[in-house]
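I opened the file to look up the ligand and what surrounds it. My notes follow the model.

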Amino acid sequence: MSSPLQTESEPLSDYAAVGGAPAVTAVVNRFYELVVGDERLAGYFDGIEMVRLKRHQVALVSQVMGGPVEYSGRDLRAAHANMGISADDFAAVAGHLIAALTEAGVPADIIDRTVGAVAATQPDIVEVPSTQA
Ligand code: HEM
């Protein structure tokens with residue numbers, strides 16, 4: 001698509017570098033496989049419509065990676081309100097995102113940037129400092 005000239009003047013976004021929509025979709029699918037397969041987390045996703053959730057998560061991750069995609073799901077604070085999500089839950093979910101990105105062969109610097117942006121959402125999502133008393 002892009003000519004060598006364009007590539008020189010405009011560096012590739014992380015989104016393009018990892019392979020765009022198919023790559024991000026595969027990572028998000030694997031991410032939710034790990035999340036719902038984790039007994040600490042599975043209960044949160046009971047009865048949740050996963051197709052819609054994945055669609056929103058793909059858009060969010062794509063946007064964070066600089067893709068030409070705009071997240072149009074709910075505000076993250078509203079989407080996670082009253083679930084009692086703990087800091088430990090959040091760390092577990094973030095860990096599964098790192099695992100899915102790593103498995104897909106995404107370079108470490110891109111993982112760091114992506115997870116860094118996602119980690120910044122913690123104050124909107126976590127309601128319980130820690131599950132450990
Ligand atoms: C790591 C940071 C996280 C990000 C970036 C994130 C992102 C999202 C997004 C984009 C949605 C879709 C919102 C919508 O459909 O409008 C969502 C929904 C949801 N998230 Fe998260 N999330 C995170 C952490 C967590 C954690 C730690 C939990 C629970 C352990 C969780 C549980 C859920 C559930 C159950 C829904 C579905 C809510 C519903 O449809 O009613 N999320 N999240």
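I looked up the iron atom of the ligand: its only protein donor is His 80, through NE2 at 2.0 Å. Donors here are N, O and S atoms within 2.8 Å of the metal (3.2 Å for Na, K and Ca), and water is not among the atoms, so sites may look incomplete.

I noted the ground rules. This is a predicted model, in which local features need pLDDT of at least 70 and side-chain atom pairs count only at pLDDT 80 or more, while totals for chains, interfaces and linings use all residues. Residues are numbered from 1 along each chain as its sequence is written, and side-chain values use heavy atoms, with hydrogens and water left out.

I placed His 80 in the loop between H5 and H6. Helices are DSSP runs (H or I, at least four residues), numbered from the N terminus. An N or O atom in the His 80 side chain also lies 2.8 Å from a nitrogen atom of the ligand.

Arg 52 brings a polar side-chain atom to 2.7 Å from a ligand oxygen atom. Arg 74 uses a backbone N or O atom, 2.8 Å from an oxygen atom of the ligand.

The ligand is surrounded by 23 residues, with Arg 52, Leu 53, His 56, Arg 74 and His 80 the closest. Of the shell, 15 are nonpolar, five polar and three charged, with Gly counted as polar and Tyr, Cys and Pro among the nonpolar. Helix H4 (50-64) gives the largest share, five residues. H5 (76-79) and H6 (87-103) each supply at least two.

I looked up the record last. The unreviewed UniProt entry lists His 56 and His 80 under "binding site". They are spread over 25 residues of sequence, yet the largest C-alpha distance is 13.5 Å. His 56 is in helix H4.

How values were computed: A residue is near a molecule or strand if one of its heavy atoms lies within 4 Å of it. A polar contact is a pair of N or O atoms within 3.5 Å; within protein, one must be able to donate a hydrogen and the other to accept it, and residues adjacent in sequence count only if both atoms are side-chain atoms. UniProt positions are given in the numbering used here, feature names are shortened, and annotations may be inferred rather than shown by experiment.
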